[in-house]
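Have the viewer open as you read.

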Amino acid sequence: MTERLFEGADWDFHTLQRITDACETVAMKDLGLDVYPNQIEVITAEQMLDAYSSVGMPLFYKHWSFGKQFAYHEASYRKGLMGLAYEIVINSSPCISYLMEENTATMQTLVIAHAAFGHNHFFKNNYLFKQWTDADGILDYLDFAKNYVMQCEERYGRIEVERTLDAAHALMSHGIDRYPGKKKLDLREEEKRAGRRRQHEEEVFNDLWRTVPKGASKTRSAISLERRRKLLGLPQENLLYFLEKSAPRLAPWQRELLRIVRHIAQYFYPQSQTKVMNEGTATYVHYRIMTQLHQQGRISDGNFLEFLGSHTNVVFQPEFDDPRFSGFNPYALGFAMMQDIERIVTSPSDEDREWFPDIAGKNDVMGVLRDVWANYRDESFIAQFLSPKLMRQLRMFHLHDDPEERAGIRVDAIHDERGFRRVRRELARQHDVGYIDANIEVVDVDLSGDRRLILHHHVIKGAQLNETDTKRVLQHLADLWTYDVSLIEVDANDKVLREYVVSPRPITAAA
Amino acid sequence: MHIIDRRLNPGGKSLENRQRFLRRAKSLVQGAVKKTSQERDIKDVLEGGEVTIPLDGMHEPRFRREGGTRDMVLPGNKKFIEGDYLQRSGQGSAKNSGPGEGDGEDAFRFVLSRDEFVDLFLDDLELPDLAKRKVAQTESEGIQRAGYTTSGSPANISVSRTVRRALARRIALKRPSKEEIEELEAAIAACTDDDERVVLLAQLEKLKAKTKRIPFIDPLDIRYRRFETVPKPVAQAVMFCLMDVSGSMSEHMKDLAKRFYMLLYVFLKRRYKHVDIVFIRHTDRAEEVDEQTFFYGPASGGTLVSSALQAMHEIVRERFNPSDWNIYAAQASDGDNSYSDGELTGLLLTDKILPVCQFFAYLEVGESGGSAFDLSDSSLWTLYERLRNGGAPLSMRKVSERSEIFPVFHDLFQRRDTAQEKAAP
């Protein structure tokens, strides 16, 4: 019998090292994971709260909204409304996992297995993260962002910077490229380029140019509508990108701030698309590692029971009529699907062979899973791998709520032969960010006229924008654009449902 | 593989952000603080605590979709089959749990530390005429002897202490004294025997060598006088609490007065290192009492306001030199005074009290919801009003409800425009 990793609940740094080594052996040898180098940091509850309020990142630029987050979390934590997460893990290389000092030795093992190997593998191998994030560069980039914002505050005043950042934050969810562009984001290179850009601007700055009279503008019809739209890259759904490139009166530093917010939004974009998969992967990995360690006798029965308690809490899925229900728990759904895939691969039923001919009975569990982890996001993952058995097991059903329908909410499909595919499709849709977020794009700018910016919101299923919020966001947008902005909500038949027009607020003295 | 202990890293990384948030939310928080403070006891209020601010002002807007037809997949079907209808109102749980349903963040609870709370509360308050005594704001440093040290400037050498140590060392190391040597020399001079003489000479040599080895004063002996600078609080204030405790003052009125005094105390505490409080209660005669007696001691009798002023005047003369102390007085009364006392009161105030006071506040307290209170001005009120119109630096307010104390206090100590309110020196 091998030696125990620890006894009881206490741990010290040697224990952590032993635990990590043991987890690593299982992760590499048995599961064949491929991870970034790990960095494990032990922090206090207060530091955990700190990390919460800067979206989990170890360093971030200063902004009041993070203070608001902190105050909010702290208040609910103090009142006991909220427990703290056991861990926070950062998609960077090295992959940083924060562990709370309050955790017991068992919990630390769980967390290391979960974060340092599960999440880490997912970050390194999933195609979305590969495509959109630069794990090597992110920390340096955040450091650059932090310093840049600080410099701007010194130069242009805190209020001015805050105003720009507020506006950028309001548009953050629409500052994302949803489809891969020409090349991968290289944040280090980006940072260098930002430096060069600034330097160039300073070098070529010549105050005289301001006084040179502007030539007569081109005739109004000179540029055709099509050409203009093409020049501006319209239609454009990345509002921040559009403003950064085309807003006429932004100062260079304001454009740089928009770029920073946009890059950060882009960095987090894959995470929002892979919640189920990411947590499912990490949970599956920690479950495998913990079970393995227990079988090897490196964790005592008591500690294993403690682990099972936590694990069960994490993957608990209340039913829809349970007061605790608040949608699907990504941990529960993800873990259940991973286990289901394992079952299909090792001991498939006839139904599974029919539904999943590619993987049923293939017997190479880890091979299949690694492939799944690398090549899917939540929406495609569910659309592809949610099995009839799991739908029956979770008793899934699909409701259709049409406000026009007097009779009430219709049960459209249930977990039966007729319903499987529909339930699965609907659940997959629910996890499609492209579908959840409002579809808004810049369609035109009236450059020769009053320079009004025209946006369209393509209304899907009658869901229009919340009025108060929309007006406020548009106000921010108009302030950056410095001319009128109009947002038109159109339905699938191009019928105009509603139009917002917002004028910019006058800019205060600083220009 | 790195394992790093970050627990000792400086915490409070969010402090800066929190401060930015507070700064931004200041007017909101300030409003909330005032509102909260009206509802709570003063003691609790000054403990800081939780305030609720509307999230609206701090809201960060996003484009959000709402309404329309909704589709959702839920777990836990027990009895439904395809084509069933669920009642909207009855089956609330199913309805409320759809994706994208707004989370109800309507108001924002915010915990303020005690200091933050008091700061915000007192933020736009200012002691009137603070500039009158500039000395009140500067703090002088006094110098105080603080024993001896082995290093220092030659000017500070303590001769007696040095010599004492030298002597002790000489004794301890058995340095031969002058007398010893003289005695030996005398013995040598008187000595006749050559052999003995050689021995004595050798002894003398030895003693002389020892004298050389052990100096009279060694650098080790030197001691310097040490001085320490101690902050000397010149910024000090005394607060006189004057209260009529005659039978007409009800518990409610005393409670109002107490609240006012407590606020004043907290306020002064913020500005001064050291605040003294003098409690003077009076009926037809005045006495200085402790706090307990002041607020809770039974007393009864007629009312002579001048007695309290006289007592205050005497105490100031005895203990609080106006050039060293900033003097504040707050008088609480229901406004009754003997008719005959009016003139004396006025004289005392204008001649003795007001010239030495930074601020004199008169608080007329009334019964809760008192209707008679509004009818006519009391004799004291009329008198003070006359004085004030004559240019005396008096502030006066009427209070009858607990919740009015804070606003009135605020009002009295509002930061003033220097132009206005500087009528009389």
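The side chains of A:Asp340 and A:Arg343 are joined by a polar contact of 3.0 Å. Keep in mind that this is a predicted model. A:Asp340 makes another side-chain polar contact, this one with A:Ser387 at 2.4 Å.

Where does A:Asp340 lie? Look in helix α14 of chain A, which covers residues 330-346. A:Asp340 counts as buried because its relative accessibility is 4%, and the cut-off for buried is under 20%. Once residues up to four places away in sequence are set aside, A:Asp340 touches A:Ser387 and A:Leu390. So A:Ser387 turns up both as a touching residue and as a polar partner, with the buried state of A:Asp340 resting on that 4%.

## The sheet in chain B

Over in chain B there is an open sheet of six strands with mixed pairing, and the strand order reads β11-β10-β9-β12-β13-β14. At the edges sit β11 (286-289) and β14 (394-399) of chain B, each pairing on one side only. From one strand to the next, the twist averages 20°. As a general point, strands of a sheet pair through backbone hydrogen bonds, in either a parallel or an antiparallel way.

How do β9 and β10 of chain B run relative to each other, parallel or antiparallel? They are parallel: nine bridges join β9 (residues 236-244) to β10 (residues 274-282) in chain B. Within this pair, B:Asp244 stands opposite B:His282 in β10(B).

## Helices on the sheet

Helix α11 of chain B (residues 305-319) lies across β9, β10, β11, β12 (326-333) and β13 (357-365) of that chain, and runs at about 145° to β10(B). Helix α14 of chain B (residues 405-412) packs on the sheet too, touching β13 and β14 of chain B, with its direction at about 165° to that of β14(B).

## Nonpolar cores

In soluble globular proteins, nonpolar side chains tend to be buried together. Which residues of the largest nonpolar core touch the most other members? Out of 76 residues, they are A:Phe117, A:Ile289, A:Trp373, A:Phe381 and A:Met396. Helix α4 of chain A (residues 105-125) supplies the largest share of this core, eleven residues.

Beyond its neighbours within four places in sequence, A:Phe117 has contacts that include A:Cys23, A:Leu33, A:Val285 and A:Ile289, along with A:Thr20, A:Glu24 and A:Asn38. Another core, of 72 residues, lies apart from the largest one, and its members include A:Phe60, A:Ile138, A:Ile440 and A:Val485.

Conventions: Residues are numbered from 1 along each chain as its sequence is written. Chains are lettered from A and ligands numbered from 1 in the order in which they are written. This is a predicted model: local features need pLDDT of at least 70, side-chain atom pairs count only at pLDDT 80 or more; totals for chains, interfaces and linings use all residues. Side-chain values use heavy atoms; hydrogens and water are left out. Helices (H or I, at least four residues) and strands (E, at least two) are DSSP runs, numbered from the N terminus. Buried means under 20% relative accessible area, exposed over 50%, partly exposed in between (1.4 Å probe, protein chains only). A polar contact is a pair of N or O atoms within 3.5 Å; within protein, one must be able to donate a hydrogen and the other to accept it, and residues adjacent in sequence count only if both atoms are side-chain atoms. Contact means heavy atoms within 4.5 Å. Two strands pair if DSSP finds at least two bridges between them. Axes are lines fitted to C-alpha atoms, for helices over the stretch in contact, and angles run from 0 to 180 degrees between N-to-C directions. A nonpolar core is a set of buried Ala, Val, Leu, Ile, Met, Phe, Trp, Tyr and Cys residues joined through side-chain atoms within 4.5 Å.
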